Amino acid sequence: MSNIATMVRSQDVTTLGTEQLADFYKKMLRIRLVEEAIAEHYAEGEMRCPVHLSIGQEAAAVGVCEALAPSDKVYSTHRCHAHYLAKGGDLKRMFAEICGKAAGCVGGRGGSMHLMDIEKGVMASIPIVSSSIPIAVGSALADKRMRTGKVTVAFFGDASIEEGVYHESANFASRHKLPVIFVCENNLYSVYTPLHERQPDRPITDVARAHGIKAEHADGNNVEQIFQVTSEAVERARSGYGPTFLLLDTYRWREHCGPNFDNTLGYRSEAEFESWKRRCPLERLRTQLANDSILTSTQEDTIRATIAAEIEEARAFARSTSLPTPQDASTHVYA
Amino acid sequence: MSIGTMEDRVITLADAIREGISESFARDNSTFLFAQGVADPSSMWGTLKGISERFGDDRIIEMPVAENGAIGIAVGAAIAGQRPVISFHRVEFALLAIEQIVNNAAKTHYISNGQHSVPLVIRLVIGRGWGQGPEHSQSLEPIFAYFPGLKVVMPAFAADAKGMLISAIEDNNPVIFIEHRWLHYSTGAVPDGHYRCPLDGPKVVHEGTDATIVATSHSVLEAVRAADVLKEVGCSVEVIDMRVLRPLNTQPIIESVRKTGRLITIDTGFVHYGIGGEIVASVSSAAFQELKAAPVRLGLPDHPTPSSRGMIAGFYPDAQGIVRSVCDVVGIDDVRRDAALRSLAERSKDLPIDVPDPFFKGPF
């Protein structure tokens with residue numbers, strides 16, 4: 001499939017400090033372990049809402065968000081856990097939200113698909129395909145008008161560029177040189193439908209370029225490369241040169257929606273799945289860090305134990321806090 | 001009308017809207033306007049005349065032909081602290097943006113548990129006339145009135161239009177501001193400067209005791225016209241201008257029907273699934289015992305609007321139709337009814353049916 005990774009940039013990226021790379025690794029591992037915990041405990045019936053896991057796609061979230069300033073903003077989709085966590089979203093309030101609790105990040109109103117943490121710049125997650133893209137562009141318009149210097153990221157998947165509103169948003173952002181970054185995580189499937197059944201055989205980056213938007217294609221499982229291309233995009237946006245489109249090739253390991261693997265359904269081959277698993281974004285960085293003697297197996301164990309304790313604490317918090325009441329359901333209809 | 005006095009200038013509703021925008025924009029730099037064709041010489045019935053020159057293209061932004069994107073971008077800007085106003089030349093174009101209106105404009109405040117608000121005004125033009133036909137002259141207000149989180153307003157009078165638009169722009173919620181194209185030509189006494197008319201619900205605009213007519217927008221004028229001639233034949237009709245469809249405040253309507261015992265509703269759109277159905281249901285539930293007659297709903301028949309003037313005779317619920325309905329409901333005899341109809345006919349003799357009746361010039 002020519003859409004995948006045929007034109008990934010190969011030029012040298014600025015070498016990141018080992019400490020920073022180790023930090024990226026920890027952040028990706030944290031997302032992986034949080035989502036594995038969700039998958040492991042989903043059947044217990046406490047998390048009573050659809051969950052769209054990002055396992056396999058952690059590099060995009062961390063690589064992009066690490067290139068942003070804390071005051072920059074992101075808008076996400078139904079598959080928002082990784083983006084929320086990578087931008088600093090509160091873990092306790094995330095678990096509470098998925099468990100439908102009043103202490104959830106939106107009070108139990110949205111569940112897993114509507115995570116937000118405004119203080120951390122996770123402005124909203126919107127589960128209608130492409131629906132958050134114009135919102136992100138509007139955010140960038142406001143920032144340009146107010147001269148805040150902030151950048152907004154719109155995260156979305158490969159199917160989003162099939163929606164008209166993506167093109168409407170891209171056209172406007174380009175015309176007005178808005179400080180917005182379009183991050184397209186191409187995981188090759190829209191639910192069960194492969195990319196080649198939905199789109200013609202042409203580089204997705206050309207679609208962005210047709211709107212006069214600078215487009216970059218990066219390995220979506222290489223956090224260092226993603227950080228690099230995003231940093232350049234952020235610089236462009238802050239300097240008034242307008243939007244950048246980043247195409248990041250990656251792969252969703254588990255089912256579109258839910259905690260399980262679904263290769264038995266037959267819509268994708270075991271061989272394809274295994275080939276992407278071999279390109280695991282965490283594994284590749286772990287190997288690199290281990291080879292460079294930055295991460296020993298003892299350190300890895302310590303990191304995992306720390307994250308596991310944090311997850312346990314967040315789950316305990318979610319379990320212990322109360323459900324919202326029927327009276328809560330009718331508040332905040334109008335401001 | 002309580003707003004507007006004899007000392008005020010008489011101007012068109014279109015000018016009143018333009019003043020509403022100007023007053024708001026002059027006071028608050030976070031306001032901006034999106035529209036297609038901001039430089040169009042027709043300037044949206046004059047409502048945007050000179051606005052670009054006064055506020056510049058940073059505030060008055062030419063919107064690409066992309067309605068869903070426009071609403072989404074405006075919602076995003078509103079979340080970020082701006083106060084956008086969007087103008088669509090026809091309500092039909094908002095159908096292209098229904099996803100953003102319903103999913104994001106209406107629900108962002110709710111889903112965010114009150115953390116975000118969406119101060120946004122969406123101006124939509126409904127109406128009729130000059131053979132605009134099935135996709136350029138619909139009245140689709142019930143679609144928007146369906147959704148909690150949206151405010152939906154439909155001014156009928158120039159002074160109210162200006163004050164309500166200022167209130168809408170200053171409101172922290174998404175407000176759908178619906179303008180009937182024929183009302184743009186109507187005139188009224190409109191105060192100068194900045195003032196607000198609250199988005200608080202229906203108002204009695206013609207007092208009476210025999211029947212209550214509840215109407216919206218342009219239909220209010222038809223109802224007032226009918227009430228005037230009915231008064232001549234001794235029938236006293238109360239006309240209520242709905243003004244605000246959502247949030248729905250039925251209290252003034254219920255109080256009026258408790259007094260009159262009779263209810264007639266007029267939709268500018270279809271009768272079925274219309275505003276009238278909601279009003280009749282609310283009133284019947286609240287004041288069933290006080291109803292002296294079955295409520296009547298007027299509005300458009302169950303087919304699209306044809307272009308040819310040959311097919312629209314009787315299509316719109318005009319003052320004649322309203323007079324007939326009131327006489328049926330109240331039990332006015334044929335002689336008095338025909339006298340009222342003759343009086344009406346005398347006033348609108350030889351007028352074509354596809355352009356605004358000069359009666360609606362006002363002032364009211």
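In this predicted model, chain B is divided into two parts, domain 1 spanning residues 9–190 and domain 2 spanning residues 203–350. Their C-alpha centres lie 27 Å apart. The contact between them draws 24 residues from domain 1 of chain B and 24 residues from domain 2 of chain B. On the domain 1 side, the elements that give two or more residues are α7 (141–145), β6 (151–154) and β7 (174–180) of chain B. The largest share of that side, 4 residues, is supplied by β6(B). By residue class, the side of domain 1 of chain B that touches domain 2 of chain B divides into 14 nonpolar, 6 polar and 4 charged residues.

Turning to chain A, a sheet provides a handy point of orientation. Strands of a sheet pair through backbone hydrogen bonds, either parallel or antiparallel. Here 6 strands form an open sheet with parallel pairing, and their order is β2-β1-β3-β4-β8-β7 (chain A).

For a residue to look up on the screen, A:Tyr75 has A:Ala154 in β3(A) as its bridge partner. Helix α2 (residues 58–66) of chain A packs on the sheet, where it touches β1, β3, β4 (180–186) and β8 (244–249) of chain A. The direction of α2 makes about 165° with that of β4(A).

Conventions. Residues are numbered from 1 along each chain as its sequence is written. Chains are lettered from A and ligands numbered from 1 in the order in which they are written. This is a predicted model: local features need pLDDT of at least 70, side-chain atom pairs count only at pLDDT 80 or more; totals for chains, interfaces and linings use all residues. Two strands pair if DSSP finds at least two bridges between them. Two residues are in contact if their C-beta atoms, placed from the backbone, lie within 7 Å. Axes are lines fitted to C-alpha atoms, for helices over the stretch in contact, and angles run from 0 to 180 degrees between N-to-C directions. Domain bounds come from an automatic or database domain assignment. Ala, Val, Leu, Ile, Met, Phe, Trp, Tyr, Cys and Pro count as nonpolar, Asp, Glu, Lys and Arg as charged, and the others, Gly among them, as polar.
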